[in-house]
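User: Hi! Could you show me how to read aromatic pairs in a structure?

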Amino acid sequence: MPRFLIAGFQHETNTFAPSLADWPAFTRGDSFPAYMRGAQMVDTLAGTNIPVAGFIAAARQRGWQVLPSAWAGAIPSSYVTEDAFERIAGAIVEDVQAARHGGGLDGIYLDLHGAAVAQHALDSEGELLARLRALVGPGVPIVASLDLHANVTERMLREADALVAYRTYPHVDMAATGELAAELMARRLHAGRREPMAWRRLPFLIPLNAQSTWMQPAKALYDELLALDREHGTLLSFCMGFPASDFDECAPMVWGHGEAAERAVQALYERVAEPTQWRPDYLDARDAVARAMALAEGATKPVVVADTQDNPGAGGDSNTTGMLHALLQQGAGRRFPGQVALGLMYDPAAGRASHEAGIGAEIELALGSAVPTFTGQPSDAPVRGRFKVLALSDGRCTLTGPMMTGVSVQLGPSACLEIDGIRVAVVGGKKQLLDRELLRMVGVHTEQMHIVVVKSSNHFRADFTPHASHVLVAKAAGPMAADPADLPWTRLPARIRRRP
């Protein structure tokens with residue numbers, strides 16, 4: 001029975017963001033499952049929509065034995081600390097050494113993000129792959145799955161036998177990508193060598209809000225990727241990249257594996273590299289609220305507004321108040337009493353105060369935070385006022401939407417607070433609002449709302465868009481620049497343009 005060590009390291013690093021990813025960020029279990037090692041990985045993650053779960057399922061079908069090592073994930077933020085990276089990498093290296101001396105290894109599978117930047121290793125995944133390659137030599141296959149937002153480096157392509165990335169954003173195909181990694185592993189074993197591989201890097205950054213595969217051009221381009229795979233027998237990937245990691249290989253990448261990889265990669269590159277198709281539209285906070293209120297008047301489903309520059313899935317802390325100020329200033333809650341919601345607002349102190357006061361109580365709060373932004377100026381001031389406690393929760397929630405189905409999160413003392421007719425979902429842990437269950441947890445039901453503001457860029461679309469009348473994207477002051485050209489880059493080379 002072939003033996004494969006499996007491990008995972010998931011972090012998307014916004015080097016311009018205010019908060020580091022330290023070791024506790026990987027052990028809290030708020031946005032990602034808490035750090036685990038050994039058999040617990042299989043017991044906890046099998047059956048969820050996470051890449052390693054897809055690989056486990058495929059391995060079982062193929063009669064492979066999996067040797068679980070460590071799996072670690074933390075919500076996007078600034079740099080991964082040296083301590084956190086070395087703990088995670090050290091555990092995986094230790095387990096590979098033990099497996100080699102305890103029966104041998106036929107291969108290694110890694111569930112990686114691909115856009116991690118550690119304080120001492122800017123190409124973190126490349127560094128991890130290189131350490132493992134040095135251990136096992138050229139004869140043991142190493143295959144990894146990647147997030148669609150990976151900033152794929154030449155070192156990653158060189159050290160791994162094969163890489164494959166998600167084809168959807170929101171990422172509803174994470175487990176399916178783990179299955180593709182198992183297919184690449186099987187192809188590598190059957191061939192007895194690496195398959196031919198080709199790659200092309202795009203010369204510009206793509207804004208996150210232009211990347212959704214629920215919209216054009218990405219939807220058609222990924223359909224074309226699949227068609228090219230069918231035509232050429234390749235396994236292609238197109239990573240649109242994470243445009244907020246300040247190092248010299250931050251840029252989109254097309255690559256593929258197979259005998260016809262060169263032709264297929266070139267054909268896909270010619271389609272995706274046309275720059276003008278990647279330019280999104282935004283509204284400022286005030287205009288977004290005014291537009292949402294107008295649209296909500298005659299709508300039978302809620303208008304959903306993305307507070308994209310405070311997306312905790314891209315390095316924000318989910319605590320800025322620009323959109324809440326705009327809703328209050330324009331009387332959205334008075335126009336639609338109890339039918340306007342905003343979430344998730346990360347404010348542990350407000351969560352604790354709500355639990356101490358109890359349901360029905362009214363409490364004086366300064367909700368949210370003024371945080372440093374990429375402009376050098378702080379975001380909007382906290383919202384000070386009297387809030388009514390409508391609902392309480394311990395913050396434990398199992399997601400049911402199509403993106404992270406079956407994954408459980410722990411967000412600490414949470415509450416629904418109301419001010420001037422606006423309901424705010426307050427949580428004690430950071431989590432992107434990508435699943436309606438996160439609102440139901442505190443008694444907010446989107447189908448009863450006229451306007452819902454979500455701290456997200458695109459992941460919310462999978463669970464919210466089918467139940468929305470309209471979707472708008474707002475730029476309120478926050479730490480994640482919707483336009484990459486607004487960021488103060490220091491390491492990105494001049495050959496990579498800051499916008500399409």
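Analyst: Let's go through the ring pairs step by step. This is a predicted model, where local features need pLDDT of at least 70, side-chain atom pairs count only at pLDDT 80 or more, and totals for chains, interfaces and linings use all residues. Residues are numbered from 1 along each chain as its sequence is written, and side-chain values use heavy atoms, leaving out hydrogens and water.

User: What describes a pair of aromatic rings?

Analyst: The distance of the centres and the angle of the planes. Rings of Phe, Tyr and Trp (its six-membered ring) pair if their centres lie within 6.5 Å; planes under 30 degrees apart are stacked, over 60 edge-to-face, and the rest tilted. Searching the whole structure gives ten aromatic pairs. In one of them, Phe4 and Trp64 are tilted, at 4.5 Å centre to centre and 45° between the planes.

User: Where in the chain do Phe4 and Trp64 sit?

Analyst: Phe4 is in strand β1 (residues 3–10) and Trp64 in the loop between α3 (51–62) and β3 (65–73), 60 residues apart. Helices (H or I, at least four residues) and strands (E, at least two) are DSSP runs, numbered from the N terminus. Ring pairs also link Phe4, Phe55, Trp64 and Tyr109 into a cluster.

User: How do Phe16 and Trp489 pair?

Analyst: Edge-to-face, with 5.2 Å centre to centre and 80° between the planes. They are 473 residues apart.

User: Is Phe16 buried or exposed?

Analyst: Phe16 counts as buried because its relative accessibility is 18%, and buried means under 20% relative accessible area (exposed is over 50%, partly exposed in between; 1.4 Å probe, protein chains only). Trp489 is buried too, at 12%.
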